[in-house]
2 protein chains.
Amino acid sequence: MLGRLNHVAIAVKDAEKAARIYGALGAEVSPAVPLPEHGVITVFVTLPNTKIEFIQPLGETSPIAKFLERNADGGIHHICYDVPDIIAARDRLVKEGARVLGDGVPRIGAHGKPVLFLHPKDFSGALVEIEQA
Amino acid sequence: MLGRLNHVAIAVKDAEKAARIYGALGAEVSPAVPLPEHGVITVFVTLPNTKIEFIQPLGETSPIAKFLERNADGGIHHICYDVPDIIAARDRLVKEGARVLGDGVPRIGAHGKPVLFLHPKDFSGALVEIEQA
């Protein structure tokens, strides 16, 4: 039911600058992609087994603006796991006592696939995203 | 030069309890292993492509005690990347302006391999460990 670690998302003020040191170490770094509907600019770093996703605020109502107020240098914002069936995963998580953020209905995430976020208090202080693989 | 994401380390007060929800989702969860020389108890969650490593303080001088004072619910403590040659990686990182924590000499980490930690200010607020693969 729990699949691959899809990505680690790191919120920063400047995604291209943040990714630069990964490029210097030989990792593949994507161009910056603005996602206005999600309020972020993304830069992906491709590692052999997963991705690091730098997210930079876009617009005045970016969902990561507050996080960057609290963490001026940036920081790890969330981790995302693949699940084969997001409804089955959600129902199992709720049964285990985990709280789903929002109304519990998957919405289309930054990769064009259904996603949900789980409450950090139910995941050891880590914000967890699940994405239908 | 930069290899796989070896693990995501999540610091918590109770590693077995934290890993329980991953087990409920079908992930393989290791027994708790005390590592007195590192001041932590570890529980590993094996995902298809990487590991989540829960670390719980052990002893009065645990290196993660302060982190848990600041983050009572726990939180993502560091991310670890494999590198084929830790000295070459260190020298390249220093050349790029990254600060190596401690004296810059690799020490043997929790997996029995040479590791170094890099300053979070040089990695977008994320504490980064590199481990010789």
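This note goes through the predicted two-chain model point by point, from the interface to single residues.

1. **Ground rules.** The model is predicted, so local features need pLDDT of at least 70, side-chain atom pairs count only at pLDDT 80 or more, and totals for chains, interfaces and linings use all residues. Residues are numbered from 1 along each chain as its sequence is written, chains are lettered from A and ligands numbered from 1 in the order in which they are written, and side-chain values use heavy atoms, with hydrogens and water left out.

2. **Interface size.** Chain B puts 39 residues into the contact, and chain A puts in 39 residues. Contact here means heavy atoms within 4.5 Å. The size of an interface is often given as the accessible area lost when the parts come together. For chain B and chain A the buried area is about 3,300 Å². Carbon and sulfur atoms give 70% of that area. Buried area is the accessible area (1.4 Å probe) that two parts lose on being put together, summed over both.

3. **Polar links across the interface.** Between chain B and chain A the rule finds 14 residue pairs in polar contact, both residues at pLDDT 80 or more. A polar contact is a pair of N or O atoms within 3.5 Å; within protein, one must be able to donate a hydrogen and the other to accept it, and residues adjacent in sequence count only if both atoms are side-chain atoms.

4. **Which elements of chain B touch chain A?** Those giving two or more residues are β1 (5-11), α1 (15-24), β5 (51-57), β6 (75-83) and α3 (86-95) of chain B. Helices (H or I, at least four residues) and strands (E, at least two) are DSSP runs, numbered from the N terminus. By class, this side of chain B has 26 nonpolar, 7 polar and 6 charged residues. Ala, Val, Leu, Ile, Met, Phe, Trp, Tyr, Cys and Pro count as nonpolar, Asp, Glu, Lys and Arg as charged, and the others, Gly among them, as polar.

5. The same surface serves both copies, as 100% of the contact residues of chain B recur in chain A.

6. **Salt bridges between chains.** Over all chains the structure holds 10 salt bridges. The count between chain B and chain A is 2. A salt bridge is a side-chain nitrogen of Lys or Arg within 4 Å of a carboxyl oxygen of Asp or Glu. Asp73(B) pairs with Lys121(A) in a salt bridge at 2.9 Å, N to O. Asp73(A) pairs with Lys121(B) in a salt bridge at 2.8 Å, N to O. Asp73(A) lies in the loop between α2 (65-70) and β6 (75-83) of chain A, and Lys121(B) in the loop between β8 (114-118) and β9 (128-132) of chain B, so the pair joins two chains. Asp73(A) is partly exposed, at 41% relative accessible area. Buried means under 20% relative accessible area, exposed over 50%, partly exposed in between (1.4 Å probe, protein chains only).

7. **Salt bridges within a chain.** Arg92(A) forms a salt bridge with Glu96(A), with the closest N and O atoms 3.2 Å apart. Arg92(A) is partly exposed at 30%, and Glu96(A) is partly exposed at 38%. In chain B, Arg92(B) forms a salt bridge with Glu96(B), with the closest N and O atoms 3.2 Å apart.

8. **His78(B): buried or exposed?** His78(B) counts as buried, at 6% relative accessibility. The residue sits in strand β6 of chain B. Its side chain makes a polar contact with the side chain of His77(B) at 2.9 Å. Another polar contact goes to the side chain of Glu129(B), at 3.1 Å. Not counting residues up to four places away in sequence, His78(B) touches several residues, including Ile55(B), Phe117(B) and Leu127(B).

9. **Ser124 backbone.** Most residues other than glycine have a negative phi. Ser124(A) has a positive phi of about 55° although it is not a glycine. Ser124(B) also has a positive phi of about 55°. Ser124(A) is in the loop between β8 (114-118) and β9 (128-132) of chain A, and is buried at 9%. Ser124(B) is in the loop between β8 and β9 of chain B, and is buried at 7%.
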